[in-house]
Amino acid sequence: MAVKDKTGGRPSAGAGLDGTLARTLLRQMLLIRRFEEKAAEMYALGKIGGFLHLYIGQEAVAVGAISVLRADDYVIAGYREHGHALAKGVDPRRVMAELFGRKDGVSKGKGGSMHMFDRAAGFLGGHAIVGGYIPIATGVAFAIRYGDGDQVILCFFGDGSVPQGEFHESLNLAALWKLPVVFVCENNRYAMGTAIERALAQTDIRRFAEAYGLPGEACDGMDVLAVRDTVSRAVARARAERTPTLVEARTYRFRGHSMRDPAAAIYRTKDEVEEEKRRDPLLLFEHRGRRAGALDDSSVHAITTEVEATVAEAVAFAETSPEPPAEWLTEDVYA
Amino acid sequence: MAILTYREALNHAHREEMERDERVFLMGEEVGIYGGAYKVSQGLLEKFGERRVIDTPICESGFTGVGIGAAMVGLRPIIEMMTFNFALVALDQIVNHAAKIHYMSGGQFSIPLVIRGPGGPAAQLAAQHSQSMESYFCHVPGLKVVRPTTPADAKGLLKSAIRDDNPVIFIESEVLYGMKGEVPDDADFLIPLGVAEVKRPGRDVTAVAYSSLYYRVVEAAEEVERTDGISVEIIDPRTLRPMDTETILTSVRKTHRALVAESGAGFAGMGSEIAAFITESAFDDLDAPVWRVCGANAPMPYARNLERLKTPSKDRIVDAFRKLCAV
C-alpha cells in the first residue's frame, strides 16, 4: 500500500519505534475507532439521541497530541470530543452512559454527546458553540500562570472555528500574556458542509499564528507520530517558556459532520472520501509499527480483542445504568 | 460605620475580598493603570500589583471567556465591564458558558465569577450606553443578578457576590457612583444574595424599585404622603435573581396594592415577572391590578428633553400611586 505524505511536513520515523509506545498508541486509536462505530450503531437503534459527531478518521490527532501530556495537564475540545475524552483517560463506560443519557454518565446524563466533562481526568469539556471555548482554554492557561504552575492546556478545535472572532481574541491574549496553551486546529477541510476555501481568505491556517507573533506549525494529522512530534515541541515550549503555539493538524473525517449528514455527495465526492480513507491513521500506523518491528500479529490481535471487549463492556454498562432521577432536572443549576 | 460614596464602597469591597482570598483578581478595560473608567478600581493596581489587577485589550468575549476558564480551575475572577452595555459582546460567554457549565458537567465545575459594571440610564450617553439589561440575564437559569441601590448595598452585595460560587451579574449605576451613604466598615459585613429589603415601611401601596430609579420612587412616595396621605412601602429586591418573593408578597398582603418601577422598557421587563408572581400568589389580597411604571418603548435618545421622557419621572410615579389608590 502506498503511504502518501501530502503535507510536505516532517515524516515520522518508523525505525526506533518503541513496542510499548506503539501498542499504547494503536490501542488508543483503535479504542476510539471502535467506540465511535459502536456509538453510530447505538444511535441508529435510538439509544443515543440528538446530535452525534463522530471522530472517525481523526484519531491520530487526539491520540498523538494527548499522548505527550502529563496527567495534570488539561484538555478542552468541542462537540466532536469523545475521542479526546477517551485519549485523556475518561472511562469509556461512563462516556457511553453519557451518550445514552444515563445517571452514571460522566455528566450525570445532563450533558450528552457534546458536553462530556471529567474533572479528575483534567478533561474540561465538551462544548457546542464553535470557537466559544477557545477563550476558556486561554483562561485556564491564565490560571496556571497565576498560580506559578507548569501545567499546559491543549485546546482542540476545527477549521470551522478559525473565522470565529474568539479564535483571534484568544490567540492575541495568549500571545500578549504568555500563557501555557497549545491551540490545536484539526483541519479536516470542511466545516460541516463548507469547504475551507469558501470560509477562509487565508487557507494556510498555521499562518494565523504569524499575525500574533506566535509559532505556527502544520503536521500530517493522519500520522500519529508526526502529531506527537509537533505537539510535544509545542507543549515543551508552552511549559518552559509560556509561549503558545498554533498547531494545524491536517486530517480528514471519514463520516459526515454528524449522524444526520451523509459522508459524501452533497459537499464532497465519494471518490474524495475513498481516496482519503487510503490514509486511514490506523492502517498507516499499524503498517509503520510492523515495519519497525514494534507491532506484530500477536500484539495487534491482543489489542483488538481487548478493545472490542472494552467497547462491549461500555455498552453493557450504559444499558444497565438508570435514567437520571427527576429531581436531577433542577439540581446543579446553581453550585 | 463610615460615610462612603457608592464608588468607594465598591472599591473597599474589592480590597477586602482580594486581601482575604488570594484567588480573587480583577480584570477588565482600564481597571489597572487608569484606575477604572469610573474610578471604581482606583488604587487597586498599586496595592495588589499586575498579577491581580489586569488591564485587558478591548475583547469582551475573549476576556470574559478567560474569566470563565480561570474560574473552572479554581480562581475567583471579577470581570469589569466598562459599561454593562459592553457585556452584550460577551453574551454567548455569559449565557452559553458561564451559566451552563456547572449544569452540563453534572456539577463537576463551578464558575465563581462576578461580572460587574455600571448600567441603566445615565446622562445623555445615548442608545448604546444607557440600557437596562437585567431582565435578559434574569431569564437565564444558572445566573444570579444583582443591582445594588445604596453604597451599603454595593459593598455588602459585592462581597457576597465574590464569595458566591456562581456567576453573578452585578450591575451598578453610573449616576450613583458619587452618592454618599452609611456603610458598615466591618470586613465581614455581607448582604446575602437573594434577600430583599424593606427600605421604607408603609401601609397603602407596595412599590418595588431598585438602583437609580429607587431614589425617584422615594421622592414620589414622600410627595404623595404629604399631599394625599398615601403611605408607600418601598421594597428593594437587591438581588433580582434569585428574587426574594416572600418579602414582596408579605408586603402586598398588607397593602393590597402593588407597583413596580423600572427604567427599562416594560415589555418583558422585571415588572412583568413581579406582577406575575404577585398575581399568582396573592390574587385574593389584591384590590387593584399590579401596575408597572416603566421606561418608554424606545432606545435611549440623546436629546436631554427626550431622555427625560424615556425614564419614569417623579411625577409619573406620583400619578401612578394616586391612580392605584383610587381603583
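Predicted model: local features only at pLDDT ≥ 70, side-chain atom pairs only at ≥ 80, totals over all residues.
Visitor: Let's start with A:Arg242. Why is A:Arg242 called partly exposed?

Guide: Count the neighbours. A:Arg242 has 18 C-beta neighbours inside 10 Å. Buried takes 20 or more and exposed takes 12 or fewer, so a value in between is called partly exposed. That is why A:Arg242, with its 18, counts as partly exposed.

Visitor: What makes the phi of A:Arg242 worth a look?

Guide: Its phi is positive, about 55°, although A:Arg242 is not a glycine. Most residues other than glycine have a negative phi. You'll find A:Arg242 in the loop between α8 (224–241) and β7 (245–250) of chain A.

Visitor: Where are the cis peptide bonds, and what are their omega values?

Guide: One runs from A:Gly125 to A:Gly126, with omega near 15°. A:Gly126 lies in the loop between α4 (92–99) and α5 of chain A. Another joins B:Arg241 and B:Pro242, where omega is about -5°. B:Pro242 is in the loop between β12 (239–241) and α9 (245–255) of chain B. For background, most peptide bonds are trans.

Visitor: Now helix α4 of chain B. Which of its residues are buried, and how do you know on which side of the helix they are?

Guide: In α4(B), residues 91–98, the buried ones are B:Gln93, B:Ile94, B:His97 and B:Ala98. Around the axis they cover an arc of only 115°, so they are on the same side of α4(B).

Visitor: How many residues are in contact between the two chains?

Guide: On chain A there are 30 residues in contact with 33 residues of chain B. Two elements, α5 and α6 (165–177) of chain A, each give two or more residues to chain A's side. The largest share comes from α5(A), with nine residues. By class, that side has 14 nonpolar, 10 polar and six charged residues.

Visitor: What makes β1 and β6 of chain A edge strands?

Guide: They belong to an open sheet of five strands, in the order β1-β2-β3-β7-β6, with parallel pairing. β1 (74–76) and β6 (216–220) each pair on one side only, and those are the edge strands. Neighbouring strands of this sheet are turned by 20° against each other on average, direction ignored.

Visitor: How do you know that β1(A) pairs with β2(A)?

Guide: Pairing takes at least two bridges. Three bridges join β1(A) to β2 (residues 153–158) of chain A, so the two strands pair, and they run parallel. In β2(A), the bridge partner of A:Ile76 is A:Cys155. Helix α2 (residues 59–66) of chain A lies across β1, β2, β3 (181–187) and β7, running at about 165° to β3(A).

Visitor: And why is the pairing of β9(B) with β11(B) called a pairing?

Guide: Again, at least two bridges are needed. Three bridges join β9(B) to β11 (residues 232–236) of chain B, so the pair qualifies; this time the strands run antiparallel. B:Arg200 has B:Ile234 as its bridge partner in β11(B). The sheet is open, with five strands in the order β9-β11-β10-β13-β14 and mixed pairing. Its edge strands are β9 (197–200) and β14 (291–295), each pairing on one side only.

Visitor: Which domains does chain B have, and how far apart are their centres?

Guide: The domain assignment gives domain 1 (2–183) and domain 2 (197–326). Their C-alpha centres lie 26 Å apart. The contact takes 22 residues from domain 1 and 23 residues from domain 2 of chain B.

Technical notes:
Residues numbered from 1 in each chain as written. Chains lettered and ligands numbered in written order. Helix = DSSP H or I, 4+ residues; strand = E, 2+ residues; numbered from the N terminus. Arc of directions from axis to C-beta. Contact = placed C-beta atoms within 7 Å. Nonpolar A, V, L, I, M, F, W, Y, C, P; charged D, E, K, R; others polar. Domains from an automatic or database assignment. Axes fitted to C-alpha atoms, helices over the stretch in contact; angles between N-to-C directions.
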